[in-house]
Amino acid sequence: MKTLIVGRFALAIVCAAVCVWLPIRSLLVDGPFMWHVTQPAAWQGGAEVVVLSLLFTLALGLRRAPLGWLLAALAAEFYARRHGIDLAILAVYLYLEGIFALGRLAQAALERMFPQSTASDDPVVAGMLGVVCWALILWAAAAIGMSSLPGIRLLTVAILGVALAVYRGKRLATIAATALQPRNWLDRAAVGLLAAFCLAMFAKASVAIDYDSMWYGLQADEVLVGGGSLFQSQGLVAVVHHYPKLYESLGLPFSGLGSTSLVFGLGVASWGLLVLTVVEVLRSLGVGRTLRLWGGVLLATLPALANIAITAKGDAFSAWMLMVCILSILRYRNGHGGLWFWVGVTSIALGVLSRLANLPYAALLALMLTWSVIQRQGVGLMHVPGVVLAAGMVALTSAVFARNVLISGLMLIAPDPVVKLQLMAGMQLHEPAGLLPPSEGGRLPLLDGLWGILFQPAQYPHLLITWTANFWLFVPIAVLLLGGRQPFLRGRSGAMLMLLSLGLSFFAMMFGYKFLVPAGDGNYFIVPLMALGLWGLAVAEGMTDGARRCLLVLLLAWLAVAGAAISFVTGSWGPGTRPFDLDIKRLPFELAQRREANVAAARLRGVDRFFTGMSPGTRVVGVEPAGVDTSMPVGWWLPVQYEPIEGFGWQNPSILASSQSFGAYLDQAGIQYLLMPKNVAPGYAPDLVRVAMEQRSADGSASIAYEDDRYVVWKLAPTQGTMTSLDGGGTVRLILDAKTFCAQRANGVATVTWSGSPGPLAIEVKGPGESAKLWAEAGGSGSMTTGAWMPAGGEFIFRRGRGGAILARLRTEPSCD
């Protein structure tokens, strides 16, 4: 028997070693990050985090608590000051505290208004109320034209500042300290590592910038509210600009300040709230303190979660919302009242509005919440404060969807099946909004794919920087080896089966969905992976032998440290944080410094000076230069809204169908400037742009506003026109020659351009009070220009062939004011 036990212990240790070593070899030793780990920013920055973690652990163990807190505070401040993140951390914390204080005040107001309802002083409820109230304030301000960044910052200081001053209850720091209170050396090690890793994430946020964040989140002042309102179309093509923008709206107070650590800091804060909620879920599942704390650390160091938290994307916030839903289901099922049903409903909606990739998991959670209500026969659902919370959520959801419909024509612009449903229901996509291209890749093979994502993640181009880890497989194997089958009896309860079902959706998505790249992005799977981890840890609680539990905790700690190391090196392709120095003068304006360096590297200084002083919402498109070593479009570093034309080819190819369709897009989208490098890589897009600019220069609607030895900036004169969709697919654009229409005050020259028609078109012309006459018959794409005979107030009628159904109408209504 003793030999068998020793063998099981040894086998569990070997399994842990395999789960740690193989991915590290794939990524860091023989993989794409070999160079990264040799850089001082990686090994010196990593050693700094290790020392910080040890200092925190030591401080928590001192008998004199005040002395321990002083040591921890000094270590944290030195680290934060050296990386220039202390001010950012303070600002993000106060912002978060203000939102929670607003929620607490809303709680108190609801209790006074509805004293007959069972009250809850749970901080989760306060957080949900605070988020909904604050987001409603931001979106209501936008609806009445008050969403300029200075106005938003003034609103933030005024409302959240007052909430902070008025609320006198427990603060978030106190709540977190209570939830993470250690009782032994293993607990202290867990809390020390978690605190050090949190600071390391802030430090990494100050040095690493990923492509997607620069695409939209870090440019929210230009691409989200550059026109002065959340509800105003910016004339943008890329699909990312048409996603629901709940999370980005919450980050607006930090936008436009030239800081990455402030914008990314909101993601790190969401990560922290998610970790606290995970710990509370584990407590609700009956998991003991030490296993609960190390389980929280294990899930917190999941690279897919930690690496996406240091970006401007809403994945961590969305995962927090859905974790709140899991907690709500548990509490509702345990008889804590109908309030938790409404908290669950609200968290599902906010989770989807923050990240569309979590839509499948939100749908599963909605089914689970509904089933819980059926099982409990709807007990307590008429909870007035809960209904008020849900009503606020409905108002907020309506505002976000209204913005989407106004700008793109659709409530949700992804995924593709949802888009098709909306189009079938009669909604129409507004030009120039693009769509995600159809996935042409195959499904991930089950056995080879499973081995790859578990132990060889380097073979997947996106997964290697957001690895999905393997603890979710190791934990049940380790429990089986160390505890036998007995602990798994805990997994038979309804709540546990729900967690397992949600977790197993990971396999359905990973191996059943066709992603644009093999295995997709790891952040697509945060929610089911967390659910699998929670299920495994709750099962592990069934192990009663102290020695076996201690070994399991040590093995989990080993995996957590490995996950933290992988995340530290691979996040945003950045090799760690910084080499060690004693520079304590850094400020949290990293984006401004990075912008200046990249503008210089791209030889854009003259262009940058030209655009400096213009509105951030000035609409600019451009072609990317050849011979410039940059990881992202150079125009993104300019102080104005910029879209690279090359991206139109895979998101809205009709724009690049011809020089005429491109010119029509420039007019319809209100593009003011076009950036054209003198040295460009050969290709269809640059040639088309050259032709379009030559045509516009010839007719006087474009002129060179700036030129140096590397770039030309064209200024585009506004033209009159309109655009609409053809029934059945495709678009048609009408451009009016204002000079001819306004000179004659009757007739003029008009150009029609169409693309993507489902078949041949017959185009009719109809004057005021006249019958329609056939003007032309043409194919599915093309462009035609009338003579100076098209009457003002006339109409172009597009039919599906001669005498066929009408697909669209466009009126000639020139403005000659």
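**Close-up views of a predicted model**

**View 1. The ring pair of Trp215 and Trp636 in the predicted model.** Trp215 has a relative accessible area of 13%, and because this value is under the 20% limit, Trp215 is classed as buried. Among the 31 aromatic pairs of the structure, the one formed by Trp215 and Trp636 has ring centres 6.2 Å apart and planes at 25 degrees, so the pair is stacked. The two partners come from distant parts of the chain, 421 residues apart, with Trp215 in helix α10 (residues 211–215) and Trp636 in the loop between β1 (619–622) and β2 (641–644). Trp636 is also buried, its relative accessibility being 2%.

**View 2. The aromatic pair of Phe317 and Trp320.** In this pair the ring centres lie 5.8 Å from each other and the planes make an angle of 70 degrees, an arrangement that counts as edge-to-face. Both residues belong to helix α16 (residues 315–333), and because they are 3 residues apart there, about one helical turn separates them. Phe317 is buried at 6% relative accessibility, and Trp320 is buried with a relative accessible area of 4%.

**View 3. An aromatic cluster that includes Trp472 and Phe525.** Besides these two residues, the cluster comprises Phe506, Phe507, Phe511, Tyr513, Phe515 and Tyr524.

**View 4. The second largest pocket and its lining.** The space in this pocket amounts to about 1500 Å³, and 40 residues line it, with Ala173, Ala176, Leu180, Ala195 and Cys198 lying nearest its centre. Helices that each supply at least two residues of the lining are α3 (40–61), α4 (65–83), α5 (86–113), α8 (172–179), α9 (185–205) and α13 (260–284). Sorted by class, the lining of the second largest pocket consists of 33 nonpolar, 4 polar and 3 charged residues.

**View 5. Helix α4, one of the helices that contribute to the lining of the second largest pocket.** Helix α4 has 19 residues and reaches 27 Å from its first C-alpha to its last, which is close to the 27 Å expected at 1.5 Å a residue. The buried residues of α4 are Gly68, Ala72, Ala75, Ala76, Tyr79, Ala80, Arg81, Arg82 and His83, and what covers these residues includes α3, α5 and α9. Just after α4, the backbone at Gly84 adopts a positive phi of about 70 degrees.

Methods:
Residues are numbered from 1 along each chain as its sequence is written. This is a predicted model: local features need pLDDT of at least 70, side-chain atom pairs count only at pLDDT 80 or more; totals for chains, interfaces and linings use all residues. Side-chain values use heavy atoms; hydrogens and water are left out. On a 1 Å grid over the protein atoms alone, a cavity is a set of points where a 1.4 Å probe fits but cannot get out, and a pocket is an open set with protein on both sides within 12 Å along at least five of seven lines; lining residues have an atom within 4 Å of a point. Grid points are joined across faces, edges and corners, and a volume is the space filled by probe spheres set on the points. Helices (H or I, at least four residues) and strands (E, at least two) are DSSP runs, numbered from the N terminus. Ala, Val, Leu, Ile, Met, Phe, Trp, Tyr, Cys and Pro count as nonpolar, Asp, Glu, Lys and Arg as charged, and the others, Gly among them, as polar. The expected span of a helix is 1.5 Å times one less than its number of residues. Buried means under 20% relative accessible area, exposed over 50%, partly exposed in between (1.4 Å probe, protein chains only). Contact means heavy atoms within 4.5 Å. Rings of Phe, Tyr and Trp (its six-membered ring) pair if their centres lie within 6.5 Å; planes under 30 degrees apart count as stacked, over 60 as edge-to-face and the rest as tilted.
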